[in-house]
Amino acid sequence: MINSSKALFQKTFNDKPDSASFASGRVNLIGDHTDYNDGFVMPTPLSLGIEVSIKSTKSGLIEGKTDLFEETSCKINSRVNGSWLDFIKGAIKVFYEEFPNCSKKLEEGIKVAVTSNLPSGSGVSSSAALEIALLRAINKIENQDLSEIKLAKLAQKIEHNFIGTMCGLMDQMVVSKGIMNKAMFFDIKNEKTLNLSLFSDYEFLIVHSGSQRSLSTSLYNERRKECEEASKILKIKNLREAEYKMLNQLKGKLLNRARHVISENKRVQICLSALQNNDSQTFGNEMFESHISLSEDYEVSSDLLDNIIKKAKLLKVIGGRLTGAGFGGCCVFLTEKESSKNIFKFLKADFKNLSLVDII
Ligand code: GLA
(Lines give C-alpha, C1' and ligand atoms only; values in the text may rest on other atoms or scores of the structure.)
Protein backbone atom coordinates (compact mmCIF):
# COMPACT_ATOMS: atom_id res chain seq x y z
CA MET A 1 0.00 0.00 0.00
CA ILE A 2 1.24 3.47 -0.83
CA ASN A 3 1.48 6.01 2.02
CA SER A 4 -0.93 8.90 1.69
CA SER A 5 0.66 12.02 0.20
CA LYS A 6 -2.17 14.02 1.79
CA ALA A 7 -1.13 12.82 5.24
CA LEU A 8 2.52 13.64 4.48
CA PHE A 9 1.47 17.08 3.24
CA GLN A 10 -0.58 17.74 6.37
CA LYS A 11 2.22 16.57 8.67
CA THR A 12 4.95 18.54 6.86
CA PHE A 13 3.18 21.81 6.17
CA ASN A 14 0.45 21.70 8.80
CA ASP A 15 -1.98 22.52 6.00
CA LYS A 16 -4.37 20.85 3.53
CA PRO A 17 -3.44 20.39 -0.16
CA ASP A 18 -5.54 21.92 -2.97
CA SER A 19 -5.30 18.74 -5.04
CA ALA A 20 -3.85 15.24 -5.07
CA SER A 21 -3.19 12.71 -7.83
CA PHE A 22 -1.84 9.21 -8.33
CA ALA A 23 -0.03 7.67 -11.29
CA SER A 24 1.16 4.09 -11.56
CA GLY A 25 4.51 2.77 -12.70
CA ARG A 26 4.75 0.39 -15.63
CA VAL A 27 6.51 -2.74 -16.71
CA ASN A 28 7.37 -3.16 -20.36
CA LEU A 29 6.50 -6.72 -21.37
CA ILE A 30 8.29 -6.49 -24.72
CA GLY A 31 9.64 -3.82 -27.08
CA ASP A 32 12.55 -1.95 -25.55
CA HIS A 33 14.49 0.83 -27.25
CA THR A 34 11.97 0.82 -30.09
CA ASP A 35 9.80 3.77 -29.02
CA TYR A 36 12.24 6.55 -29.95
CA ASN A 37 12.58 4.76 -33.29
CA ASP A 38 8.83 5.22 -33.89
CA GLY A 39 8.28 1.45 -33.48
CA PHE A 40 6.11 -0.85 -31.36
CA VAL A 41 6.00 -1.49 -27.60
CA MET A 42 3.84 -3.50 -25.19
CA PRO A 43 3.88 -2.26 -21.59
CA THR A 44 1.30 -2.66 -18.81
CA PRO A 45 0.68 -0.55 -15.67
CA LEU A 46 1.93 -1.78 -12.29
CA SER A 47 -0.14 -1.76 -9.12
CA LEU A 48 2.60 0.43 -7.57
CA GLY A 49 2.94 4.12 -8.16
CA ILE A 50 3.44 7.67 -6.99
CA GLU A 51 1.02 10.04 -5.31
CA VAL A 52 1.43 13.81 -5.09
CA SER A 53 -0.42 16.46 -3.12
CA ILE A 54 0.04 20.13 -4.03
CA LYS A 55 -1.04 23.59 -2.94
CA SER A 56 -0.40 27.01 -4.42
CA THR A 57 1.40 29.59 -2.26
CA LYS A 58 2.78 33.11 -2.71
CA SER A 59 6.24 32.28 -1.39
CA GLY A 60 8.11 32.31 -4.72
CA LEU A 61 9.41 28.88 -3.68
CA ILE A 62 8.98 25.24 -4.51
CA GLU A 63 8.72 23.55 -1.13
CA GLY A 64 8.91 19.80 -1.55
CA LYS A 65 8.71 16.88 0.82
CA THR A 66 9.30 13.24 0.00
CA ASP A 67 10.79 10.28 1.78
CA LEU A 68 12.70 9.41 -1.37
CA PHE A 69 15.11 12.28 -1.88
CA GLU A 70 16.83 15.14 -0.04
CA GLU A 71 16.58 18.87 -0.82
CA THR A 72 13.35 20.38 0.23
CA SER A 73 13.10 23.82 -1.32
CA CYS A 74 14.35 26.11 -4.08
CA LYS A 75 13.30 29.34 -5.77
CA ILE A 76 10.57 28.70 -8.27
CA ASN A 77 12.58 30.37 -11.06
CA SER A 78 15.87 28.67 -10.23
CA ARG A 79 17.71 26.68 -12.85
CA VAL A 80 17.53 22.96 -13.33
CA ASN A 81 20.17 21.41 -11.04
CA GLY A 82 19.64 17.66 -11.14
CA SER A 83 17.48 17.47 -7.98
CA TRP A 84 13.99 15.96 -7.88
CA LEU A 85 12.55 19.47 -7.67
CA ASP A 86 13.37 19.79 -11.39
CA PHE A 87 10.30 17.63 -12.05
CA ILE A 88 8.12 20.24 -10.33
CA LYS A 89 9.77 23.16 -12.14
CA GLY A 90 9.26 21.27 -15.38
CA ALA A 91 5.64 20.33 -14.73
CA ILE A 92 4.61 23.92 -13.94
CA LYS A 93 6.50 25.29 -16.94
CA VAL A 94 5.26 22.85 -19.58
CA PHE A 95 1.68 23.00 -18.28
CA TYR A 96 1.49 26.80 -18.47
CA GLU A 97 3.20 26.88 -21.86
CA GLU A 98 0.52 24.52 -23.16
CA PHE A 99 -2.36 26.38 -21.48
CA PRO A 100 -1.28 30.05 -21.39
CA ASN A 101 -4.75 31.31 -20.50
CA CYS A 102 -5.21 29.64 -17.12
CA SER A 103 -4.69 31.23 -13.68
CA LYS A 104 -0.95 30.41 -13.53
CA LYS A 105 -1.14 30.69 -9.75
CA LEU A 106 1.39 27.90 -9.21
CA GLU A 107 4.04 30.14 -10.78
CA GLU A 108 3.93 32.18 -7.57
CA GLY A 109 4.85 29.29 -5.32
CA ILE A 110 3.95 25.69 -4.59
CA LYS A 111 4.10 23.16 -1.77
CA VAL A 112 4.37 19.51 -2.80
CA ALA A 113 4.34 16.23 -0.88
CA VAL A 114 5.23 13.03 -2.74
CA THR A 115 4.81 9.43 -1.62
CA SER A 116 5.80 6.37 -3.62
CA ASN A 117 6.02 2.61 -3.41
CA LEU A 118 7.77 2.35 -6.77
CA PRO A 119 11.55 1.74 -6.85
CA SER A 120 13.23 4.71 -8.54
CA GLY A 121 15.86 4.45 -11.29
CA SER A 122 14.96 0.81 -11.89
CA GLY A 123 13.23 0.58 -15.25
CA VAL A 124 9.65 0.77 -13.96
CA SER A 125 8.98 4.40 -14.89
CA SER A 126 9.11 6.25 -11.60
CA SER A 127 9.99 9.39 -13.61
CA ALA A 128 6.97 9.17 -15.87
CA ALA A 129 4.73 8.39 -12.88
CA LEU A 130 5.95 11.49 -11.03
CA GLU A 131 5.50 13.65 -14.14
CA ILE A 132 2.00 12.41 -14.86
CA ALA A 133 0.90 12.63 -11.20
CA LEU A 134 2.15 16.24 -11.00
CA LEU A 135 0.48 17.26 -14.26
CA ARG A 136 -2.80 15.63 -13.19
CA ALA A 137 -2.66 17.42 -9.84
CA ILE A 138 -1.96 20.75 -11.56
CA ASN A 139 -4.84 20.16 -13.93
CA LYS A 140 -7.21 19.54 -11.04
CA ILE A 141 -6.45 23.12 -10.00
CA GLU A 142 -6.45 24.63 -13.50
CA ASN A 143 -9.14 22.48 -15.08
CA GLN A 144 -7.93 22.48 -18.70
CA ASP A 145 -8.77 20.19 -21.60
CA LEU A 146 -5.98 17.65 -21.01
CA SER A 147 -6.39 14.51 -23.12
CA GLU A 148 -4.39 11.37 -22.29
CA ILE A 149 -2.09 11.80 -25.26
CA LYS A 150 -1.52 15.49 -24.53
CA LEU A 151 -0.75 14.57 -20.92
CA ALA A 152 1.78 11.97 -22.09
CA LYS A 153 3.46 14.42 -24.46
CA LEU A 154 3.71 17.14 -21.79
CA ALA A 155 5.29 14.62 -19.42
CA GLN A 156 7.77 13.63 -22.15
CA LYS A 157 8.63 17.32 -22.56
CA ILE A 158 9.53 17.52 -18.85
CA GLU A 159 11.86 14.55 -19.35
CA HIS A 160 13.51 16.09 -22.45
CA ASN A 161 13.83 19.70 -21.29
CA PHE A 162 14.24 19.45 -17.52
CA ILE A 163 15.64 15.98 -16.75
CA GLY A 164 17.77 15.45 -19.84
CA THR A 165 16.72 11.96 -20.92
CA MET A 166 15.75 12.00 -24.59
CA CYS A 167 13.16 9.27 -24.01
CA GLY A 168 10.46 8.01 -26.36
CA LEU A 169 6.76 8.17 -25.51
CA MET A 170 6.13 4.65 -24.17
CA ASP A 171 6.36 5.30 -20.43
CA GLN A 172 4.35 8.50 -20.37
CA MET A 173 1.70 7.01 -22.64
CA VAL A 174 1.10 3.82 -20.65
CA VAL A 175 1.16 5.73 -17.37
CA SER A 176 -1.36 8.19 -18.77
CA LYS A 177 -3.57 5.82 -20.74
CA GLY A 178 -2.85 2.23 -19.69
CA ILE A 179 -5.45 0.05 -17.96
CA MET A 180 -4.57 -2.22 -15.03
CA ASN A 181 -4.28 -5.90 -16.03
CA LYS A 182 -4.28 -5.07 -19.73
CA ALA A 183 -1.25 -5.00 -21.97
CA MET A 184 -1.10 -1.83 -24.05
CA PHE A 185 0.15 -2.41 -27.58
CA PHE A 186 1.33 0.98 -28.78
CA ASP A 187 2.24 1.78 -32.38
CA ILE A 188 4.22 4.97 -31.82
CA LYS A 189 4.35 6.19 -35.41
CA ASN A 190 0.59 6.06 -35.83
CA GLU A 191 -0.14 6.94 -32.19
CA LYS A 192 -2.48 3.94 -32.01
CA THR A 193 -3.02 1.95 -28.83
CA LEU A 194 -4.78 -1.35 -28.27
CA ASN A 195 -5.61 -2.74 -24.82
CA LEU A 196 -5.37 -6.52 -24.56
CA SER A 197 -6.33 -8.92 -21.81
CA LEU A 198 -3.39 -10.76 -20.26
CA PHE A 199 -3.09 -14.58 -20.25
CA SER A 200 -5.66 -16.11 -17.94
CA ASP A 201 -3.43 -19.01 -16.79
CA TYR A 202 -0.15 -17.13 -16.58
CA GLU A 203 1.16 -14.09 -14.76
CA PHE A 204 4.04 -11.65 -15.04
CA LEU A 205 6.57 -11.50 -12.22
CA ILE A 206 8.60 -8.31 -11.90
CA VAL A 207 11.78 -8.40 -9.80
CA HIS A 208 14.42 -5.80 -9.03
CA SER A 209 17.96 -7.07 -9.61
CA GLY A 210 19.26 -4.92 -6.76
CA SER A 211 21.54 -2.94 -9.04
CA GLN A 212 20.59 0.66 -9.76
CA ARG A 213 20.92 1.80 -13.33
CA SER A 214 24.30 3.47 -13.58
CA LEU A 215 25.18 6.16 -16.12
CA SER A 216 21.82 5.45 -17.62
CA THR A 217 20.99 8.94 -18.89
CA SER A 218 24.17 9.40 -20.89
CA LEU A 219 24.24 5.81 -22.18
CA TYR A 220 20.55 5.99 -23.09
CA ASN A 221 21.05 9.21 -25.04
CA GLU A 222 24.08 7.64 -26.73
CA ARG A 223 21.98 4.68 -27.93
CA ARG A 224 19.41 7.06 -29.34
CA LYS A 225 22.13 8.95 -31.24
CA GLU A 226 23.49 5.69 -32.65
CA CYS A 227 20.03 4.86 -34.02
CA GLU A 228 19.84 8.30 -35.62
CA GLU A 229 23.27 7.81 -37.18
CA ALA A 230 22.24 4.41 -38.57
CA SER A 231 19.06 5.91 -40.04
CA LYS A 232 21.07 8.64 -41.73
CA ILE A 233 23.35 6.10 -43.40
CA LEU A 234 20.31 4.07 -44.50
CA LYS A 235 18.62 7.27 -45.71
CA ILE A 236 15.44 6.59 -43.78
CA LYS A 237 13.55 8.74 -41.28
CA ASN A 238 14.13 6.36 -38.38
CA LEU A 239 14.75 2.67 -37.70
CA ARG A 240 11.03 1.87 -37.85
CA GLU A 241 11.57 1.96 -41.63
CA ALA A 242 14.64 -0.31 -41.53
CA GLU A 243 14.63 -3.85 -42.94
CA TYR A 244 17.04 -6.78 -42.57
CA LYS A 245 18.15 -6.48 -46.19
CA MET A 246 19.50 -2.97 -45.51
CA LEU A 247 21.84 -4.16 -42.79
CA ASN A 248 24.73 -4.80 -45.18
CA GLN A 249 25.07 -1.01 -45.49
CA LEU A 250 26.00 -0.79 -41.80
CA LYS A 251 28.83 -2.14 -39.74
CA GLY A 252 30.01 -2.51 -36.16
CA LYS A 253 27.78 -1.27 -33.40
CA LEU A 254 25.44 0.63 -35.74
CA LEU A 255 24.64 -2.66 -37.47
CA ASN A 256 23.99 -4.31 -34.11
CA ARG A 257 21.79 -1.48 -32.86
CA ALA A 258 19.71 -1.47 -36.06
CA ARG A 259 19.38 -5.26 -35.99
CA HIS A 260 18.04 -5.06 -32.44
CA VAL A 261 15.42 -2.47 -33.39
CA ILE A 262 14.27 -4.39 -36.48
CA SER A 263 14.04 -7.70 -34.60
CA GLU A 264 12.48 -6.17 -31.47
CA ASN A 265 9.72 -4.53 -33.53
CA LYS A 266 8.98 -7.92 -35.09
CA ARG A 267 8.92 -9.55 -31.66
CA VAL A 268 6.35 -7.06 -30.38
CA GLN A 269 4.10 -7.85 -33.34
CA ILE A 270 4.53 -11.59 -32.79
CA CYS A 271 3.66 -11.09 -29.11
CA LEU A 272 0.58 -9.12 -30.08
CA SER A 273 -0.81 -12.08 -31.99
CA ALA A 274 0.45 -14.53 -29.34
CA LEU A 275 -1.55 -12.64 -26.72
CA GLN A 276 -4.61 -12.50 -28.97
CA ASN A 277 -4.32 -16.27 -29.56
CA ASN A 278 -3.61 -17.13 -25.94
CA ASP A 279 -0.23 -18.57 -26.98
CA SER A 280 1.96 -18.07 -23.92
CA GLN A 281 4.83 -20.26 -25.21
CA THR A 282 5.43 -18.05 -28.23
CA PHE A 283 5.15 -14.94 -26.07
CA GLY A 284 7.69 -16.37 -23.62
CA ASN A 285 10.16 -17.38 -26.33
CA GLU A 286 10.05 -13.89 -27.78
CA MET A 287 10.82 -12.48 -24.31
CA PHE A 288 13.95 -14.64 -24.09
CA GLU A 289 14.98 -13.61 -27.62
CA SER A 290 14.41 -9.99 -26.71
CA HIS A 291 16.77 -10.30 -23.74
CA ILE A 292 19.52 -11.80 -25.90
CA SER A 293 19.12 -9.02 -28.44
CA LEU A 294 19.16 -6.30 -25.73
CA SER A 295 22.24 -7.88 -24.24
CA GLU A 296 24.26 -8.70 -27.37
CA ASP A 297 23.12 -6.27 -30.05
CA TYR A 298 21.98 -3.32 -27.98
CA GLU A 299 24.44 -3.79 -25.09
CA VAL A 300 22.14 -2.51 -22.35
CA SER A 301 22.24 -5.58 -20.09
CA SER A 302 24.76 -6.48 -17.38
CA ASP A 303 26.33 -9.71 -16.09
CA LEU A 304 23.91 -9.66 -13.18
CA LEU A 305 20.82 -9.32 -15.38
CA ASP A 306 22.10 -11.99 -17.80
CA ASN A 307 22.72 -14.39 -14.90
CA ILE A 308 19.28 -13.79 -13.41
CA ILE A 309 17.68 -14.63 -16.77
CA LYS A 310 19.88 -17.74 -17.14
CA LYS A 311 18.91 -19.00 -13.69
CA ALA A 312 15.22 -18.27 -14.33
CA LYS A 313 15.40 -20.39 -17.50
CA LEU A 314 16.54 -23.34 -15.40
CA LEU A 315 13.50 -22.77 -13.19
CA LYS A 316 11.35 -23.23 -16.28
CA VAL A 317 9.78 -19.81 -16.46
CA ILE A 318 7.92 -19.40 -19.78
CA GLY A 319 9.80 -16.24 -20.69
CA GLY A 320 12.04 -13.57 -19.21
CA ARG A 321 13.95 -10.43 -20.05
CA LEU A 322 15.34 -7.23 -18.64
CA THR A 323 12.73 -4.50 -18.83
CA GLY A 324 12.96 -0.77 -19.55
CA ALA A 325 16.14 1.06 -20.47
CA GLY A 326 18.43 -1.60 -18.94
CA PHE A 327 21.92 -0.97 -17.46
CA GLY A 328 20.62 -2.57 -14.21
CA GLY A 329 17.14 -2.32 -12.73
CA CYS A 330 14.32 -4.84 -13.20
CA CYS A 331 13.54 -8.10 -15.01
CA VAL A 332 10.10 -9.38 -16.03
CA PHE A 333 9.15 -13.07 -16.27
CA LEU A 334 6.16 -14.89 -17.68
CA THR A 335 5.26 -17.70 -15.28
CA GLU A 336 2.43 -20.10 -14.61
CA LYS A 337 -0.27 -18.62 -12.38
CA GLU A 338 0.48 -18.81 -8.66
CA SER A 339 4.09 -19.93 -9.29
CA SER A 340 5.74 -16.50 -9.14
CA LYS A 341 6.34 -16.39 -5.41
CA ASN A 342 8.19 -19.72 -5.52
CA ILE A 343 10.25 -18.72 -8.52
CA PHE A 344 11.17 -15.52 -6.74
CA LYS A 345 12.27 -17.53 -3.68
CA PHE A 346 14.54 -19.75 -5.79
CA LEU A 347 16.03 -16.77 -7.59
CA LYS A 348 16.64 -14.95 -4.34
CA ALA A 349 18.59 -17.92 -3.00
CA ASP A 350 21.25 -17.16 -5.65
CA PHE A 351 20.85 -13.41 -5.96
CA LYS A 352 20.71 -11.94 -2.46
CA ASN A 353 19.87 -8.38 -3.48
CA LEU A 354 16.82 -9.35 -5.50
CA SER A 355 13.49 -7.87 -4.44
CA LEU A 356 9.94 -8.58 -5.51
CA VAL A 357 8.37 -5.57 -7.24
CA ASP A 358 4.98 -6.79 -8.47
CA ILE A 359 3.01 -9.72 -9.85
CA ILE A 360 0.49 -8.93 -12.58
C1 GLA B 1 13.10 4.29 -20.88
C2 GLA B 1 12.50 5.40 -21.73
C3 GLA B 1 11.47 4.84 -22.73
C4 GLA B 1 12.03 3.66 -23.51
C5 GLA B 1 12.71 2.66 -22.57
C6 GLA B 1 13.42 1.58 -23.33
O7 GLA B 1 12.15 3.75 -20.03
O8 GLA B 1 11.86 6.36 -20.92
O9 GLA B 1 11.04 5.87 -23.60
O10 GLA B 1 12.89 4.08 -24.52
O11 GLA B 1 13.64 3.28 -21.71
O12 GLA B 1 12.50 0.84 -24.06
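The model is predicted: local features need pLDDT of at least 70, side-chain atom pairs count only at pLDDT 80 or more, and totals for chains, interfaces and linings use all residues. Residues are numbered from 1 along each chain as its sequence is written, and side-chain values use heavy atoms, with hydrogens and water left out.

Rings of Phe, Tyr and Trp (its six-membered ring) pair if their centres lie within 6.5 Å; planes under 30 degrees apart count as stacked, over 60 as edge-to-face and the rest as tilted.

| Pair | Centre to centre | Angle between planes | Class |
|---|---|---|---|
| F95 and F99 | 5.0 Å | 50° | tilted |
| F199 and F283 | 5.5 Å | 90° | edge-to-face |

The pair of F199 and F283 links distant parts of the chain, 84 residues apart. F199 lies in the loop between β7 (192-197) and β8 (202-208), and F283 in helix α8 (residues 280-296). Helices (H or I, at least four residues) and strands (E, at least two) are DSSP runs, numbered from the N terminus. Ring pairs also join F199, Y202, F204 and F283 into a cluster.

Buried means under 20% relative accessible area (1.4 Å probe, protein chains only). F199 counts as buried because its relative accessibility is 3%, and F283 because its value is 0%. F95 and F99 are both buried.

A charge sits over a ring if NZ of Lys or CZ of Arg is within 6 Å of the ring centre and within 35 degrees of the ring normal. The charged end of K313 is placed over the ring of F288, 4.7 Å from its centre; that of R257 sits over the ring of Y298, 5.9 Å from its centre.

Key
Buried < 20%, exposed > 50% of the residue type's maximum accessible area, 1.4 Å probe, protein only.
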